[in-house]
Amino acid sequence: MPAAVVILAAGLGSRVGAGSNKVLLPLGDRPVLAWSVRDALALDDVRRVLVVVRPGEAADVAAALAPHLGEGEVRLVEGGATRHGSEWAALQALAPEIGAGELDVIAIHDGARPLAGRDLFAATITAARETGGALPGVRLTGLVALDARALPGELDGVQTPQAFRARELLAAYTAAAAEGFDGTDTAACWSRYTGLPVARVPGSPANLKVTFPEDLDLALRLA
């Protein structure tokens, strides 16, 4: 059964110094957003690629992506006021296909992470099928608390794409909507309402999130 990939592109560009959505900034020969969209479209078992946009930006996003899609098809959906709200909007748009059993896994990815790569998408989707949920993690070293104490144990930095079984994810977000819960990321809502495990797959330091102006330069060198 095929999966769907949701790419969140409803953020701002204030810290990167952009006057518009940062995912539409150029990164090499294409916009930041187009890198992950093209990777998602290239996956053999992905049935649907859905991009969540800010209200009023659908035309701009469509125009920016059009030269880079080839024969691929991308659906645009307007997001909410928060990340959780945007994820909920995406899941509502996919609900008919989930209910019909046409999608088994949903992967949710930050459009501002252009260099995740096809292999990481595939790995998280596969792990979600096996476990229920999956996310990439990168080991963090040299961390201290605000009071300068060394932090105990080993800590991971969490990345995207995060992938989860479709029916259970939709049920979790439906329950969250009824309760008024607004999670910080997909895994937070999943863990609160499903009780199913989330597997860690190896992430990559190259899977950076474009946040500051220098991130664009670094991403271009890594690409």
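User: What share of the protein chain's 223 residues count as buried?

Analyst: Happy to start there, with the reminder that this is a predicted model. The chain is built from 7 helices and 10 strands. Of its 223 residues, the share that count as buried is 48%.

User: Among contacts with a separation of 6 or more, what percentage comes from residues 24 or more positions apart?

Analyst: This one looks at contacts in the protein chain with a separation of 6 or more. Within that group, residues 24 or more positions apart account for 73%.

User: Which element gives the largest share of the largest nonpolar core?

Analyst: That core has 31 residues, and those with the most contacts inside it include Val-5, Ile-7 and Ile-125. At least two residues each come from S1, H1, S4, H2, S6, helix H4 (118–131) and S10. The largest share, 5 residues, is supplied by H4.

User: How many residues are in the other core, the one with Phe-164 and Cys-189?

Analyst: This core lies apart from the largest one. Ile-98, Ile-106, Phe-164 and Cys-189 are among its members. Its size is 26 residues.

User: Which residues does Leu-65 touch, not counting those up to four places away in sequence?

Analyst: Leu-65 is one of the buried residues of helix H2 (residues 58–65), and it is also listed with those that have the most contacts inside the largest nonpolar core. Leaving out residues up to four places away in sequence, Leu-65 touches Leu-33, Ala-34, Val-37 and Val-51.

User: Why can we say that the buried residues of H2 are on the same side, and which exposed residues are on the face turned away?

Analyst: The buried residues of H2 are Val-61, Ala-64 and Leu-65. They cover an arc of only 90 degrees around the axis, so they sit on the same side of H2. That buried side packs against strand S3 (30–31), helix H1 (32–41), strand S4 (46–53) and strand S5 (75–78). On the face turned away are the exposed residues Ala-59 and Ala-63.

User: Within what arc do the buried residues of H6 fall?

Analyst: In helix H6 (residues 186–194), the buried residues are Thr-186, Ala-187, Cys-189 and Trp-190. Seen down the axis, they line one face of the helix, because they fall within an arc of 160 degrees.

User: Which elements do those buried residues of H6 pack against?

Analyst: The partners include both helices and strands. They are helix H3 (83–99), strand S6 (105–110), strand S7 (133–140), S9, helix H5 (166–179) and strand S10 (198–202).

User: Which residue just after H6 has a positive phi?

Analyst: Most residues other than glycine have a negative phi. Here the residue is a glycine, with a phi of about 75 degrees: Gly-195.

User: Which residue is joined to Pro-161 by a cis peptide bond?

Analyst: Pro-161 lies in the loop between strand S8 (155–158) and strand S9 (162–165). Most peptide bonds are trans. The cis bond here has an omega of about 15 degrees, and the partner of Pro-161 is Thr-160.

User: Lys-22 is buried yet has no salt bridge, so which backbone oxygen does its side chain reach?

Analyst: Lys-22 is found in the loop between strand S1 (3–9) and strand S2 (26–27). The nearest side chain of opposite charge, Asp-215, is 7.4 Å away, whereas a salt bridge needs a distance within 4 Å. At 2.9 Å, the side chain of Lys-22 reaches the backbone oxygen of Val-210.

User: Is Thr-141 buried or exposed?

Analyst: Thr-141 is placed in the loop between S7 and S8. Its relative accessible area is 66%, and the cut-off is over 50%. Thr-141 is therefore exposed.

Key. Residues numbered from 1 in each chain as written. Predicted model: local features only at pLDDT ≥ 70, side-chain atom pairs only at ≥ 80, totals over all residues. Heavy atoms only, no water. Helix = DSSP H or I, 4+ residues; strand = E, 2+ residues; numbered from the N terminus. Buried < 20%, exposed > 50% of the residue type's maximum accessible area, 1.4 Å probe, protein only. Arc of directions from axis to C-beta. Contact = heavy atoms within 4.5 Å. Lys, Arg positive; Asp, Glu negative; His and termini not counted. Polar contact = N/O pair within 3.5 Å; in protein donor to acceptor, adjacent residues only side chain to side chain. Core = buried A, V, L, I, M, F, W, Y, C linked by side-chain atoms within 4.5 Å.
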